[in-house]
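Trainee: Could we go through this one together, starting with the charged side chains?
Mentor: Gladly, go ahead and ask as you look.

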Amino acid sequence: MRILFPLALLVALVIGTSNALLSQRPVKVYISADMEGVAGVVTADQLAPGGFEYERFRGFMTSEVLAAIEGAREGGATQIVVSDSHGSGQNLLIERFPDDVMIVRSTPRPLMMMQGIDSSFAAAIFVGYHASTTNPNGVRAHTMSSADFTSVSLNGTSMPEAGFNAAIAGYFGVPVVMITGDDFAVNETKQLLGNIEGAVVKYALGFHSAETMTPAAAQKLIRETARRAVMKRSEVKPYIVTSPVRLDLTFKNYLQAEITSYLPNVERTTAHAIRFDGRDIVEISRLLEFLLNYQPGLRP
């Protein structure tokens, strides 16, 4: 005798199994951490080794990232990868991190501030970010290199670092759900990416001045914002830059544009600018990392 399996029961079993698998799937969150947007940072005295406040402020940077981790976990994150993305990439006090957090350190690296991200992540968070080099406002505003670049555009759209890094995340299908920094950095990023969560920890008064929250108050705000952002991750779409990707890059120095134009497929468009058409954002990232790091005297 053939036994008929009730359709309703079969559907319930399939749905139940699917939900169980989803509940077991890790929720990975990627955190890219810069330093110019950390509460209290205003000058190189906080940003670079040798500055009289650098050691204290790398501690504050670490605490803001830890606050983002705590908030992300409260919002459902189960795995965290952190990219130390300021300067040399050796700023975070890694001994203060939980044992299950992985940290990307030092440079150069092909995906720059986004090294380590892939399609397995559910969301990305930017901590300590700043406004772009084309923004007339913002504390320590620049894009990738305050010494070398005056404009970075992708497919005709001017990019802050947050936009460029969101494009890398978007290449892997990962949405950026949150940014922290000064008011101009947060507003600029929201205009580009949409209504993501933002934690404004200071208000820019000039390139080297700000009205700032205390470290403790900023960390509390970041934790609360990260929790909310990760909980709402399904409402945010990845930022996609259509491939192939056209990079328009303007240098401060005339000679930089000339020498860069000697590279294959690089066109010099003005005295200070070059254009490169890449297959995708990853190829653009590799070119920029080359331009930022290559020196004839490089040694191991």
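Trainee: Is glutamate 70 buried, partly exposed or exposed?
Mentor: In this predicted model, glutamate 70 has a relative accessible area of 38%, so it counts as partly exposed.

Trainee: And which residue forms a salt bridge with glutamate 70?
Mentor: Its partner is arginine 223, and the closest N and O atoms of the two are 3.1 Å apart. Arginine 223 is itself partly exposed, because its relative accessibility is 34%.

Trainee: Which residues are linked with that pair in a network?
Mentor: The network of salt bridges links Glu70, Glu74 and Arg223.

Trainee: How many salt bridges does a search of the whole structure find?
Mentor: The search finds 10. One of them joins aspartate 277 to arginine 246, with 2.8 Å between the closest N and O atoms. That pair also links distant parts of the chain, since aspartate 277 is in strand β12 (residues 273-278) and arginine 246 is in strand β10 (residues 245-251), 31 residues apart.

Trainee: What does arginine 279 form a salt bridge with?
Mentor: Arginine 279 pairs with glutamate 283, and their closest N and O atoms are 3.0 Å apart. With a relative accessible area of 61%, arginine 279 is exposed.

Trainee: Switching topic, what about aspartate 34, which has no salt bridge?
Mentor: Aspartate 34 is buried, and the nearest side chain of opposite charge, that of arginine 109, is 9.0 Å away. A salt bridge needs the nitrogen and the carboxyl oxygen to be within 4 Å, so arginine 109 does not qualify as a partner.

Trainee: Then which side chains make a polar contact with the side chain of aspartate 34?
Mentor: Histidine 86 makes one at 3.2 Å, and histidine 130 makes another, also at 3.2 Å.

Trainee: Where is aspartate 34 along the chain, and what is it in contact with?
Mentor: Aspartate 34 is found in the loop between β1 (28-33) and α2 (44-47). If neighbours within four places in sequence are left aside, its contacts include Met61, Ser85, Met113, Val127, Gly128, Tyr129 and Glu161.

Trainee: Last one, which residues make the nonpolar surface patch?
Mentor: Leu255, Ile259 and Tyr262 make that patch, which has an area of about 330 Å². Tyrosine 262 lies in the loop between α7 (254-260) and β11 (266-270), and with a relative accessible area of 57% tyrosine 262 counts as exposed.

Note on methods:
Residues numbered from 1 in each chain as written. Predicted model: local features only at pLDDT ≥ 70, side-chain atom pairs only at ≥ 80, totals over all residues. Heavy atoms only, no water. Patch = residues over 30% accessible without salt bridge, like charges linked within 9 Å, V, L, I, M, F, W, Y side chains within 5 Å. Areas by Shrake-Rupley, 256 points an atom, 1.4 Å probe, with all protein chains shown as cover. Helix = DSSP H or I, 4+ residues; strand = E, 2+ residues; numbered from the N terminus. Buried < 20%, exposed > 50% of the residue type's maximum accessible area, 1.4 Å probe, protein only. Lys, Arg positive; Asp, Glu negative; His and termini not counted. Polar contact = N/O pair within 3.5 Å; in protein donor to acceptor, adjacent residues only side chain to side chain. Contact = heavy atoms within 4.5 Å.
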